Amino acid sequence: MVRAVVFDVGETLVDETRIFSRWADRLGVPRGTLLGLVGACAAADRPLADAFHLVRPGIDLDAEIARWADDDPTGLRENFDADDLYPDVRPALTALRAAGLAVVVAGNQPPQARAAIEAMGLPVDAIRTSDEWGVQKPHPAFFARVAELAGVAPSDVAYVGDRLDNDVLPAADAGMRPVLVRRGPWGYLHAERPEAARATVVDSLLELPGLLAPEARDHAAAR
């Protein structure tokens, strides 16, 4: 039974539209062009970095991020803040915690992402990033760390994300209950693939309390 719900970050909690729009402005291409290429990479199972290399062949993303920080030290640049949260995030997390479920955030993110999420004051029990752990999804070690952080067995974890390759399939292989949220380019595309049958597919995080909280209550009543 589910006792902890763990969330991915990008396109699960955070709408990345503004991030990619700022990147387009930085690289001097129309916003629709870069956003379209991000979607194309998702559809073709190509790395996200390919979208940047298509508009700026040979780009060194780390070096460009460093230059951007020098040029705009107080701006958001490639980062996010509370204005980027999807509107269902805060009420959904609040309802899950009210139902007695642990709520955790753990995704493939750079080190500054943890501070950004902490600044939002979300109702969560813990926040970690792949950079802190030194391992990224979809590596099994990442999901072992997720269960350890949640403090429960993998079978008691629901992992919520927007991708089959990084979220649903490795979470299922780890013995967790995967949930695929249909939003962002990967979410809409991956929900149509046969492998999505391994997950519970939702259109909003507000569906989660109704799906997962009854399981927690039934489990507690049976003990």
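Select β4 and β5: 4 bridges join these two strands, which run parallel. Strands pair if DSSP finds at least two bridges between them. Strands (E, at least two residues) and helices (H or I, at least four) are DSSP runs, numbered from the N terminus. This is a predicted model: local features need pLDDT of at least 70 and side-chain atom pairs pLDDT 80 or more, while totals for chains, interfaces and linings use all residues. Residues are numbered from 1 along each chain as its sequence is written, and side-chain values use heavy atoms, with hydrogens and water left out.

**Stop 1: β4 and its partners**

Stay on β4 and pick Ala158. It stands opposite Arg177 in β5. Now turn to the other partner. β1 and β4 pair in the parallel sense over 4 bridges. Here Val6 stands opposite Tyr159.

Buried means under 20% relative accessible area, exposed over 50%, and partly exposed in between (1.4 Å probe, protein chains only). In a regular strand the side chains alternate between the two faces of the sheet.

**Stop 2: the whole sheet**

Show every strand. 6 strands form an open sheet in the order β3-β2-β1-β4-β5-β6, and the pairing is parallel. Which strands stand at the edges? They are β3 (126–129) and β6 (200–202); each has a single partner strand, so one side of each is left without a neighbour in the sheet. The twist averages 20 degrees from one strand to the next. Angles run from 0 to 180 degrees between N-to-C directions, with axes fitted to C-alpha atoms, for helices over the stretch in contact.

Walk from β1 towards β3. Strand β1 (residues 4–7) is joined to β2 (residues 102–107) by 4 bridges, again parallel. Next, 4 bridges join β2 to β3 in parallel. Val105 stands opposite Ile127 there. Trace the chain between the two: it crosses from β2 through helix α6 (residues 112–118) to β3, and the crossover is right-handed. Right-handed means that, with the strands pointing away from the viewer, the path from the first strand over the helix to the second runs clockwise.

**Stop 3: α9**

Go back to β4 and follow the chain on. β4, α9 and β5 make a right-handed β-α-β unit. Helix α9 (residues 164–173) lies across β4 and β5 (177–181), at about 160 degrees to β5. 7 of the 10 residues of α9 are buried, so this helix is largely enclosed by the rest of the structure. Select Leu164, Asn166, Asp167, Val168, Pro170, Ala171 and Ala172: these are the buried residues. They pack against α8, β4, β5 and α10 (184–190); contact means heavy atoms within 4.5 Å. Just after α9, check Gly175, which takes a positive phi of about 90 degrees.

**Stop 4**

Select helix α8 (residues 140–150). It lies across β1, β2, β3 and β4 (157–161), at about 125 degrees to β4. Then show the rings of Trp133, Phe142, Phe143 and Tyr159, which ring pairs link into a cluster. Rings of Phe, Tyr and Trp (its six-membered ring) pair if their centres lie within 6.5 Å; planes under 30 degrees apart count as stacked, over 60 as edge-to-face, the rest as tilted. How many aromatic pairs are there by this rule? The count comes to 5.

Begin with Phe142 and Phe143. Their ring centres are 5.4 Å apart and their planes at 70 degrees, so the pair is edge-to-face. Both residues are buried. Phe143 also pairs with Tyr159, edge-to-face, at 5.3 Å centre to centre and 75 degrees between the planes. This pair links distant parts of the chain, Phe143 in α8 and Tyr159 in β4, 16 residues apart. Phe143 has a relative accessible area of 1%; Tyr159 is at 0%.

**Stop 5: Asp156**

Step to the loop between α8 and β4 and pick Asp156. Buried or exposed? Asp156 is buried, with a relative accessible area of 11%. Leaving out residues up to four places away in sequence, it touches Met1, Val2, Arg3 and Ala4.
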